[in-house]
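Subject: Structure handover

Hello,

The structure is placed below, and my notes on it follow. Please read them alongside the coordinates.

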Amino acid sequence: MDKVSLVMTTFNNIAHMRLTLESVRAQDYPSIEVVIWDGGSTDGTLDVIEEYAKLPDMDIVWRSGKDEGLYDAMNKSYGLSTGSILLFFNDVFARTDAVRLCVEAMGDKNFDGVHGDLVYAEGDKVIRSWKMGQGNIRQGWMPGHPTLFLRREIYEKYGLYKTDYRGAADYEFMVRILKDGDVRLAYVPKTLVRMFYGGVSTRGLGGYLVSLWEGHRALRENGVRGAFWIDMRRTLRVLGQFR
């Protein structure tokens, strides 16, 4: 059975950490490792992590220390992981069988990864609903990073997250691995994740503009032609997600 590493980063996030860990604890897949890099929280987040790390039904590896920002923290957290399948995860699973469905969809080496649908939510209110489907980068399509399970071999082959991006290193990483069509992704057409609204790339107009500009940069740096038209298609897809 594949061990799944749920790779997390946090800094002074006590409001969400308990919700995230409870949703992991509720998963029906039996081999889950939670890996957390904390940037030096002082608000009680570490107390919550320690509380859950002591539970017999949780496998948690965590460290707290200095980092150079979100994507450096993600790379540090990856370095602590041991699972053969990884998901960078800081939100809430929308269903108790989310991890199991994704592992089953990947099959025995048939797919390099899997993704599904997600919603952006503030409490019980859904702000955006993202039904991924399948597609390609040139259509403005991209899987939702909070649902993207990948085999460890993909990170070993393509590398980790670029730390000189402010808000779109996850997008750049996905462009890098998907642009040539060599990485095969399965798709689970179910809502797997409730994403906390207000993250780096969803924090108002300014956050979206940073994400859009860096997304354009990611396409150009990876040699993807027609970056401007891809940006337009991507923007239209985002607008279509709002309720």
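A search of the whole structure finds 14 salt bridges, a salt bridge being a side-chain nitrogen of Lys or Arg within 4 Å of a carboxyl oxygen of Asp or Glu. This is a predicted model, in which local features need pLDDT of at least 70 and side-chain atom pairs count only at pLDDT 80 or more, while totals for chains, interfaces and linings use all residues. Residues are numbered from 1 along each chain as its sequence is written, and side-chain values use heavy atoms, with hydrogens and water left out.

Salt bridges

Asp164 pairs with Arg217 in a salt bridge whose closest N and O atoms are 2.7 Å apart. The pair links distant parts of the chain, 53 residues apart: Asp164 is in the loop between helix 5 and helix 6, and Arg217 is in helix 7 (residues 204-221). Helices (H or I, at least four residues) and strands (E, at least two) are DSSP runs, numbered from the N terminus. Asp164 is exposed at 51% relative accessible area, and Arg217 is partly exposed at 21%; the classes are buried under 20%, exposed over 50% and partly exposed in between (1.4 Å probe, protein chains only). Salt bridges that share partners join Lys162, Asp164, Glu172, Arg176, Arg217 and Glu221 into one network.

Asp97 and Arg95 form a salt bridge at 2.6 Å, N to O. Asp97 is buried at 13%, whereas Arg95 is partly exposed at 29%.

In helix 3 (residues 70-80), the buried residues include Tyr71, Asp72 and Met74. Lys76 forms a salt bridge with Asp72, with closest N and O atoms 3.9 Å apart. The two are 4 residues apart in helix 3, so about one helical turn separates them.

Met74 is among the residues that His145 touches, as are Tyr161 and Asp170; contact means heavy atoms within 4.5 Å. His145 is in the loop between strand 7 (125-130) and strand 8 (149-151) and is buried, with a relative accessible area of 10%.

Cavity

The structure holds 1 cavity of 30 Å³ or more. A cavity is a set of points on a 1 Å grid over the protein atoms alone where a 1.4 Å probe fits but cannot get out, and lining residues have an atom within 4 Å of a point. The largest cavity has about 40 Å³ of space, the volume being that filled by probe spheres set on points joined across faces, edges and corners. Its lining consists of Met8, Asn13, His16, Met17, Thr20, Phe89 and Asn90.

Regards

Terms used:
On a 1 Å grid over the protein atoms alone, a cavity is a set of points where a 1.4 Å probe fits but cannot get out, and a pocket is an open set with protein on both sides within 12 Å along at least five of seven lines; lining residues have an atom within 4 Å of a point. Lists of a residue's contacts leave out its neighbours within four places in sequence.
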